[in-house]
Amino acid sequence: MIRNIIFDWSGTLVDDLPGVFKATNYILEQAGVPTFTLAKFRAEFELPFTGFYNRFTPDIPLEQLEEWFHSYFSKVCGEVIALPHAGVFLDFCKSEGLRCFVLSAVKPEYFIEQAANAGMNNCFERTYLGVWDKREKIHFIIKENNLEKDETLYIGDMQHDIETAHHGGIHSCALLTGYNTLEQLREASPTLIATDLNELKDILQGGEMSLPSTNRKPIPTVGALIYNTLGQVLMVRTDKWSGKWGIPGGKIEYGESSEDALHREITEETGLTITDIRFVLSQESIESEEFYRPEHFILLNYTCRVTGETDVTLNNEAQAFRWVSEPDALQLDLNRPTRILLDTVMANATIPADA
């Protein structure tokens with residue numbers, strides 16, 4: 001059972017990525033080094049950040065690099081905002097009586113300003129700030145606070161956070177809300193990967209404050225190819241499936257029929273109302289490498305038509321959408337279950353007749 005949580009700060013509870021990205025490019029400009037795109041920055045940035053500096057600005061003294069960084073970042077520090085669900089998750093921790101700590105490289109003065117802006121300045125029992133190499137601090141934190149290792153979870157968004165948890169012998173949760181990509185986080189082998197703090201809250205609540213064990217069961221889900229009046233299908237791209245394209249859908253709740261679940265999930269994820277639901281096939285996805293963490297899904301796949309407005313409003317489950325013809329959909333980088341569904345539908349001409 002989890003009783004203690006150690007939080008990283010940046011990319012875990014607050015979003016300072018835009019400011020750090022710009023401040024880092026400012027450093028590179030001053031050093032006469034080519035600047036980064038955001039994608040390259042996320043791929044290259046690392047903690048301890050001395051390793052990052054050694055790779056890209058090896059001839060510049062650390063003191064000068066730090067002076068450049070803070071001369072820029074201090075101007076945008078106040079623009080840092082809380083990440084979605086962070087406040088709700090901290091309220092959840094309080095309601096469950098969890099002991100909460102922060103272990104971060106952020107400077108204390110930045111933390112004070114950002115925590116006040118985000119309404120989080122009274123949420124933590126202790127904070128450990130300005131820590132460049134967290135691995136050197138984790139054992140001290142565990143000992144100083146008399147934390148049981150098997151009851152302690154470290155939540156972060158970077159490989160270094162997961163390595164720190166491993167070093168301390170505690171559980172780790174990698175979030176997809178910050179600096180590192182899914183591929184990078186997978187390499188660090190965290191105990192758990194979650195898209196955000198809301199999903200982690202649901203996992204802890206569902207497990208009665210315990211992390212998923214090896215006795216987990218398959219998860220029944222629903223999903224559908226949605227057709228508009230032009231016969232086009234709706235494709236959504238999601239980080240959960242490694243940035244691949246797929247169909248809207250989700251888990252079936254207890255006591256809910258599969259079709260009711262489909263109506264609910266489609267409305268939640270796209271804002272659309274559907275009709276003419278037709279079952280196509282069932283599939284299994286067992287620890288797919290395409291999905292962001294090991295899961296065993298039972299996939300119930302349908303076709304349906306959209307009724308009324310066709311304007312799509314995505315929630316945080318997906319990052320992009322397209323209405324495309326079936327042949328054009330096949331040209332997208334589809335996840336495997338969606339490709340199988342689309343192939344089956346096209347082979348059997350099971351498109352809803354009125355579409």
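E44 and R55 form a salt bridge in this predicted model, with their closest N and O atoms 2.8 Å apart. A salt bridge here is a side-chain nitrogen of Lys or Arg within 4 Å of a carboxyl oxygen of Asp or Glu. E44 belongs to helix 2 (residues 38-44) and R55 to helix 3 (residues 49-56), so the pair ties together parts that are 11 residues apart in sequence. Helices (H or I, at least four residues) and strands (E, at least two) are DSSP runs, numbered from the N terminus. E44 is partly exposed, at a relative accessible area of 22%, and R55 is partly exposed at 40%. In these terms buried means under 20% relative accessible area, exposed means over 50%, and partly exposed lies in between (1.4 Å probe, protein chains only).

Residues are numbered from 1 along each chain as its sequence is written. Because the model is predicted, local features need pLDDT of at least 70 and side-chain atom pairs count only at pLDDT 80 or more, while totals for chains, interfaces and linings use all residues; side-chain values use heavy atoms, with hydrogens and water left out.

**Further salt bridges**

By the rule above, the count comes to 21 salt bridges. Three of them are listed here.

| Salt bridge | Closest N and O atoms |
|---|---|
| E44 and R55 | 2.8 Å |
| R135 and D133 | 3.0 Å |
| E265 and R264 | 3.0 Å |

R135 is partly exposed at 29% relative accessibility, whereas D133 is buried at 16%. In the pair of E265 and R264, both residues are buried. Salt bridges with shared partners join E253, E256, R264, E265 and E268 into one network.

Six strands make an open sheet in the order 5-4-1-6-7-8, with parallel pairing. Two strands pair if DSSP finds at least two bridges between them. The edges are strand 5 (126-128) and strand 8 (192-194), each of which pairs on one side only. On average, neighbouring strands of this sheet are turned by 25° against each other, direction ignored.

Within the sheet, strand 6 (residues 152-156) and strand 7 (residues 171-175) run parallel and are joined by four bridges. Y154 has S172 in strand 7 as its bridge partner. Helix 8 (residues 159-168) packs on the sheet, touching strand 4 (99-103), strand 6 and strand 7, and its direction makes about 175° with that of strand 7. Helix 10 (residues 197-206) also packs on the sheet; it touches strand 6, strand 7 and strand 8, and its direction makes about 130° with that of strand 8. For these angles, axes are lines fitted to C-alpha atoms, for helices over the stretch in contact, and angles run from 0 to 180 degrees between N-to-C directions.

**Nonpolar cores**

A nonpolar core is a set of buried Ala, Val, Leu, Ile, Met, Phe, Trp, Tyr and Cys residues joined through side-chain atoms within 4.5 Å. The largest has 56 residues, of which F7, W9, F89, F124, I155 and L200 touch the most other members. Helix 1 (residues 17-31) gives the largest share of this core, six residues. Contact means heavy atoms within 4.5 Å. Leaving aside neighbours within four places in sequence, F7 is in contact with residues including F89, F124, Y154 and I155. A second, separate core of 18 residues includes A224, L234, V306 and V312.

W9 also takes part in a polar contact, 2.8 Å, between its side chain and that of Q114. A polar contact is a pair of N or O atoms within 3.5 Å; within protein, one must be able to donate a hydrogen and the other to accept it, and residues adjacent in sequence count only if both atoms are side-chain atoms. Q114 lies in helix 6 (residues 108-118) and is buried at 1% relative accessibility. Beyond four places in sequence, Q114 touches W9, V14, F73, C77, V80 and V106.

V222 is found in strand 9 (residues 219-227) and is buried, with a relative accessible area of 4%. The C-alpha atoms of V222 and I298 are separated by 8.4 Å, although the two residues are 76 apart along the chain.

Strand 10 (residues 233-237) has four of its five residues buried. Five bridges join strand 10 to strand 15 (residues 320-324), and the two run antiparallel; M235 stands opposite R322 there. Strand 10 is also joined antiparallel to strand 11 (residues 245-246) by two bridges, with V236 opposite G246.
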